[in-house]
Amino acid sequence: MRLDERVNERTRIARELHDSLLQGFQGLMFRLQAVRDLLPLRSSEAIEALDVALERGDKAIAEGRDTVSDLRQSIVGESDIAQALTALSEELATQGGNGAVPCVRVLVEGKQQGLNPMLRDEIYRIAREALRNAFRHAKAQKIEAEVTYGDSEFLLHVRDDGKGIDPHVASQGARAGHWGVPGMRERAKSFGGKLEVWSEVGAGTEVKLTVPAAIAYGKSEGRRKFWLWRKKIGESDGQQS
């Protein structure tokens, strides 16, 4: 049991470092490359881009420090998941340098419900990884993120019309030395969700996350009944003692 706990903790730390330090500095490198492309002919624009890169570097360091200290606050804040994904898409678009930037749509289906705050951050991290992959690797022209608030489950779809995943990579589950997709699967499994990835060469990629409503919605009827059941059991045990 102790060995399993240690392995699980090391996996969690590796996943957190990937989602904070590695991804943060990868984004910083894209911004610095954009600055390099602006020099020397567009120096004023390069200075502005460099200021933004420095600001992002400070943020990456702060996020890494919080991760190591296990003190990280909610990364979504008061925004709903669709707002957070829209802001992320706009940020990723600015990291594209002078290359073609895909068109991104964020869609919402169903009546919006409040997600469990801790779970909301986990869902956002999965969506962030999927969107980053679509921006940086898929060479897509169109990307779509769809959030569905269903009565029985919460769904997240991230689709692109890019080049797709190489069959060999797909069969292995990830590229050698890359932990994005395995980390997404592990994160989904850790809170009771299910992650599916579909891709075909030349036909794009789709990432689908499914979370049962009883887990996803912080104030759902299922969670309330479960809490009441636990409370009743606890009171019974107290009376017996």
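These are my notebook entries on one protein chain and its predicted model.

**Entry 1: ground rules.** I worked with a predicted model, in which local features need pLDDT of at least 70, side-chain atom pairs count only at pLDDT 80 or more, and totals for chains, interfaces and linings use all residues. Residues are numbered from 1 along each chain as its sequence is written, and side-chain values use heavy atoms, with hydrogens and water left out.

**Entry 2: the whole chain.** I looked up the secondary structure and found eight helices and five strands; helices (H or I, at least four residues) and strands (E, at least two) are DSSP runs numbered from the N terminus. Their order along the sequence is α-α-α-β-α-β-β-α-α-β-β-α-α. I then noted that 37% of the 241 residues count as buried. Buried means under 20% relative accessible area, exposed over 50%, and partly exposed in between, with a 1.4 Å probe and protein chains only.

**Entry 3: helix 3.** I checked the length of helix 3, residues 81-94. The expected span is 1.5 Å times one less than the number of residues; for these 14 residues that gives 20 Å, and the end C-alpha atoms are 20 Å apart, which agrees. I listed its buried residues as Ile81, Ala82, Ala84, Leu85, Leu88, Ser89 and Leu92. Seen down the helix axis, they fall within an arc of 155°, so they line one face of helix 3; the arc is that of the directions from the axis to the C-beta atoms. These buried residues pack against strand 1 (103-109), helix 4 (117-136), strand 2 (142-149) and strand 3 (153-160).

**Entry 4: the core.** I looked up the largest nonpolar core, which has 34 residues. Such a core is a set of buried Ala, Val, Leu, Ile, Met, Phe, Trp, Tyr and Cys residues joined through side-chain atoms within 4.5 Å. Leu85, Ile123, Phe154, Leu156 and Leu209 touch the most other members. Helix 4 gives the largest share, nine residues. In soluble globular proteins, nonpolar side chains tend to be buried together.

**Entry 5: two residues.** I followed leucine 156, leaving aside neighbours within four places in sequence; its contacts (heavy atoms within 4.5 Å) include Leu85, Ile123 and Leu209. I then turned to valine 158, which is found in strand 3. Valine 158 counts as buried because its relative accessibility is 4%. Under the same exclusion of neighbours within four places, the contacts of valine 158 include Ala130, Leu131 and Val207. The C-alpha atoms of valine 158 and leucine 209 are separated by 8.9 Å, although the two residues are 51 residues apart along the chain.
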